[in-house]
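Here's a quick walk through one chain, written for someone who likes to know how the numbers were made. Have a look at the model first.

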Amino acid sequence: MADSSGDWCTIESDPGVFTSLIESFGVKNVELTELWSFDDDSLMTLTAPIDGVDNAAVHGLIFLFKWQRQSSSATASLEGRGTPLTGDAVPDGLFFAQQTVQNACATQAILSVLFNARDAIVAQEGAESKDQEDDNGRRLVLGQTLSNFKEFTCHFPPDLRGEAIGSSDEIRTAHNSFGRSEDAFLSDPTKPKRIATDDDDVFHFIAYVPHENGCVYELDGLQQGPIQVGECKKDEADKDQWIKVARDAIQARLSNYSPTEIKFNLMAIVQDRRTYLNERLNALAAIGVEENDPAMVQIQSELHAEEEKRAQWALENARRHHNYLPFCVELLRSLAGSGKMDGLMNKAKTRAAEKRQRQQKS
């Protein structure tokens, strides 16, 4: 859950933040994208994002929701689902870790998807993975840091895996680098950390992943084990079938909330769009399509848009890292010293009172 911890900060649920986080681990060929709708057409755009590409990789889903006391039992109310698997009941090769530290749920959900990605390229110590092995970007490249961690914890039980995540300096440092600097500025180290109460909004991240056994699993670090939410047939004509199974499980969770509740977020860990755009560009060039052909121009335009998106993510992350509070404090001090503070405060109070009056009349 995301409430308070001395070691792990809360981070924003944002595709730019999460993509930059996993890239800081050395992961390649993936990015996160937000899903705004559950309809079949929206899901299909994950695996068939552009003309000529119908098998883009979708490694898993990350779901953020407002935690409530009945959240742990909400899935159990669904017929035939909801029982966490433990011991020998956990499928071979399915990575699951219990959450043992607070505020780590975002990174833990992401790691749950990365460590369960199909055909992921695991780096060997002292050797670099070759680009030609990644199937034009469809295979996730795990990177040295996470490859070492996965190998180190492969035989650990779920609780020890959670402890290993919580005590990993590399993972914790990368996670905390996306926290806001002003959080530390505002906190008083001499006072005990505030613990969230039932009146606070506390949010939690979980993951949904497919497994080679044909089942789809919910990976919630607050549970004792993974939860099977459904099965999907291996149908080449319906490559995103597992996503529809996960969608049904998420919708079942949503049914436990008030219809007016909107504080949810759903993201997919997918193939980096630039990989299949470049693949499509090369395929067209290979058959002699000219650079000024509308199809080539369209793909080049989309590639440019992707680079601009990455640049915007970098800018936003830099702003997240920057601590603006010293500037704000100095500005207030200067206004007070120049005698302008009282006048500005009175104007602000007047505008606030006028706004309240307009709202009451409406």
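Is Arg 253 buried or exposed? Arg 253 is buried, at a relative accessible area of 4%; buried here means under 20%, exposed means over 50%, and partly exposed is what lies in between (1.4 Å probe, protein chains only).

## Ground rules

This is a predicted model, so local features need pLDDT of at least 70 and side-chain atom pairs count only at pLDDT 80 or more, while totals for chains, interfaces and linings use all residues. Residues are numbered from 1 along each chain as its sequence is written, and side-chain values use heavy atoms, with hydrogens and water left out.

## The chain overall

The chain has 13 helices and 6 strands. These are DSSP runs numbered from the N terminus: H or I with at least four residues for helices, E with at least two for strands. Of the 362 residues, 43% are buried.

Take the contacts between residues at least 6 apart in sequence: 74% of them join residues at least 24 apart. Contact means heavy atoms within 4.5 Å.

## Helix H9 and Glu 218

Back to Arg 253, which sits in helix H9 (residues 241-254). Its side chain makes a polar contact with the side chain of Glu 218, at 3.1 Å. A polar contact is a pair of N or O atoms within 3.5 Å; within protein, one must be able to donate a hydrogen and the other to accept it, and residues adjacent in sequence count only if both atoms are side-chain atoms.

Ala 249 is also found in H9, and Ala 249 is buried too, with a relative accessible area of 5%.

## H4 against H5

Helix H4 (residues 105-115) packs on helix H5 (residues 144-153) at about 85 degrees, their axes 12 Å apart. Axes are lines fitted to C-alpha atoms, for helices over the stretch in contact, and angles run from 0 to 180 degrees between N-to-C directions. That makes H4 roughly perpendicular to H5, a label for 65 to 115 degrees; under 35 is roughly parallel, over 145 roughly antiparallel and the rest oblique.

Leu 111, Leu 114 and Phe 115 of H4 meet Leu 146, Phe 149 and Lys 150 of H5.
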